[in-house]
Amino acid sequence: MLERSDPTVEASPGSFEDFYMREYLPVVGLAYALSGSRWGAEDLAQEAFLAAHRDWHRISTYERPGAWVRRVVANLSVSGFRRRVAETKALARVALLRGEAVPDLAAADPEFWAAVRELPRRQAQVVALHYLEDRSVADVAGILDMTLGTVKRHLYDARQTLARRLGVQEEEA
């Protein structure tokens, strides 16, 4: 039997099962070193051995089929790393976009929005949808599943309460 101290010399691959049993643990070790994850390493190794098994009639003729499997693991680990980096960047972009989409109520009128939050729940919802999102009375009614009259009443009551709390004279139309 060949001694395993020289990594450039491989034993005859023989059957795939023998090859797999002989090479599996060292290949998982390589995958672990490259990925940093024990579970990920096992997945990488399994994927590489699956590729070797699919084409074993060709791979078994190579002088060093173990080197081929290791190259596959190395390539898969780089691909996985690139995919994780791309996913992280995409998630960061989404998070940034979400951050820009939130209106800065503190800069707009902190007293007004604090007073809105003190209104009864439905009145606060109607005011926020109508004034913050610039929704029509019909849109607000559809969103909150209310009649047009109920939305108008909540808006009227909310305006009266806000005018009183903020010391503002509401203009008569």
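I note that the model is predicted, so local features need pLDDT of at least 70 and side-chain atom pairs count only at pLDDT 80 or more, while totals for chains, interfaces and linings use all residues. Residues are numbered from 1 along each chain as its sequence is written, and side-chain values use heavy atoms, with hydrogens and water left out.

**Aromatic rings.** I paired rings of Phe, Tyr and Trp (its six-membered ring) when their centres lie within 6.5 Å, calling planes under 30 degrees apart stacked, over 60 edge-to-face and the rest tilted. By this rule I count nine aromatic pairs. The rings of Tyr20 and Tyr24 have centres 5.1 Å apart and planes at 35°, so I logged the pair as tilted. For Phe112 and Trp113 the centres are 4.9 Å apart and the planes at 85°, so that pair is edge-to-face. Both Phe112 and Trp113 are buried, where buried means under 20% relative accessible area, exposed over 50%, and partly exposed in between (1.4 Å probe, protein chains only). I also found one aromatic cluster formed by Phe16, Phe19, Tyr20, Tyr24, Phe49 and Trp56.

**Helix H1.** In H1 (residues 16-35) I located a kink of about 45° at Glu23, shortly before the proline Pro26; the bend at a residue is the angle between axes fitted to the seven residues ending there and the seven starting there. The buried residues of H1 are Phe16, Phe19, Glu23, Tyr24, Val27, Val28 and Ala31, and Tyr24 has 17% relative accessibility. After H1 comes Gly36, whose phi is positive, near 80°.

**Arg70.** I then turned to Arg70 in helix H4 (residues 65-101), which at 23% relative accessibility counts as partly exposed. Leaving aside neighbours within four places in sequence, Arg70 is in contact (heavy atoms within 4.5 Å) with Glu23, Pro26, Val27 and Leu30.

**H8 and H9.** The axes of helix H8 (residues 137-144) and helix H9 (residues 148-166) come within 9 Å and cross at roughly 105°; axes are lines fitted to C-alpha atoms, for helices over the stretch in contact, and angles run from 0 to 180 degrees between N-to-C directions. That makes H8 roughly perpendicular to H9, a label for 65 to 115 degrees, with under 35 roughly parallel, over 145 roughly antiparallel and the rest oblique.

Notes. Helices (H or I, at least four residues) and strands (E, at least two) are DSSP runs, numbered from the N terminus.
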